[in-house]
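Please work through the exercises below with the model at hand. Each task is followed by a stepwise solution.

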Amino acid sequence: MRAIYYYFERDFVKWLRGRVTVISSLVMPAAWLVFVGLALPTKFTDNYLQFITPGILVMTTLFSSLQGGSLMIFDKILGFLNKFLAMPSPRESMLYGKILFISVRGLLQATVILLIATFLGVRILNPIHIVLIYLTLFLFSVLFSAFSTMIGLYLSDHDSYAAANSMISMPLFFTSSALMPYEVMPAWLRTLAKLNPVSYAIDSARMLFEGGIPVNGIIGLAIGAGIMVLLGTYQFRKAVV
């Protein structure tokens, strides 16, 4: 646990020192919420802000999680990764520490979105639903941060990872149920959206905003996160840099 905390603290302190990065990571999701939620004309709902807020929360978590691979590439380029892998602490401690940092960073961004959404009139029923929203976002973040960290382990430069990031994140978001419900989608998009793991998280969060408890959704995200962490652990134990 001490090694996991060390890796978490290292990345967290480095992130806090980059003030521009911190501010931009908090402002951009808020801009999405305000300008898309309040300005986009829709016919399928009278309160689009209430509808889109879960999608913006999951989008924020997704983009934050997929940036995690760049942390691994940074360590690789500067030579830190070789030193960390040679340390006596278990190799997977580095993976768990980065997953923890990425997830906490995503939840901090999500908190800003929730506060702004509440100020703008979005309704959240009770504290239990708020806790379950955070749990849903955390599990989703663990799933994709483990995935992105594994990608970063095998790519050699930031340009390659940026290309892979864009190729993964944008299609996942725009083929999800973030911006519109399934019933107003074209048939081909509806099929893609229902197969999209991002939609799985969005639908769970949206159910929580509506007062339901997405038991199957939370269990599914927990299973997916667990599988991805196990795969990441296996890859880190065998990693050769």
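The model is predicted: local features need pLDDT of at least 70, side-chain atom pairs count only at pLDDT 80 or more, and totals for chains, interfaces and linings use all residues. Residues are numbered from 1 along each chain as its sequence is written, and side-chain values use heavy atoms, with hydrogens and water left out.

**Exercise 1.** Determine which residues of α1 are buried and how they are arranged about the helix axis.

Solution. Step 1: helices are DSSP runs (H or I, at least four residues), numbered from the N terminus.

**Exercise 2.** Identify the elements that line the second largest pocket.

Solution. Step 1: a pocket is an open set of points on a 1 Å grid over the protein atoms alone where a 1.4 Å probe fits, with protein on both sides within 12 Å along at least five of seven lines; lining residues have an atom within 4 Å of a point. Step 2: the lining of the second largest pocket includes D11, W15, Q67 and R105. Step 3: α1, α4 and α6 each give two or more residues to this lining.

**Exercise 3.** State which helix supplies the largest share of the lining of the largest pocket.

Solution. Step 1: S25, M28, F63, Q67 and Q109 lie nearest the centre of this pocket, which is lined by 14 residues. Step 2: α2 supplies the largest share, 6 residues.

How values were computed:
Buried means under 20% relative accessible area, exposed over 50%, partly exposed in between (1.4 Å probe, protein chains only). The arc is that of the directions from the helix axis to the C-beta atoms.
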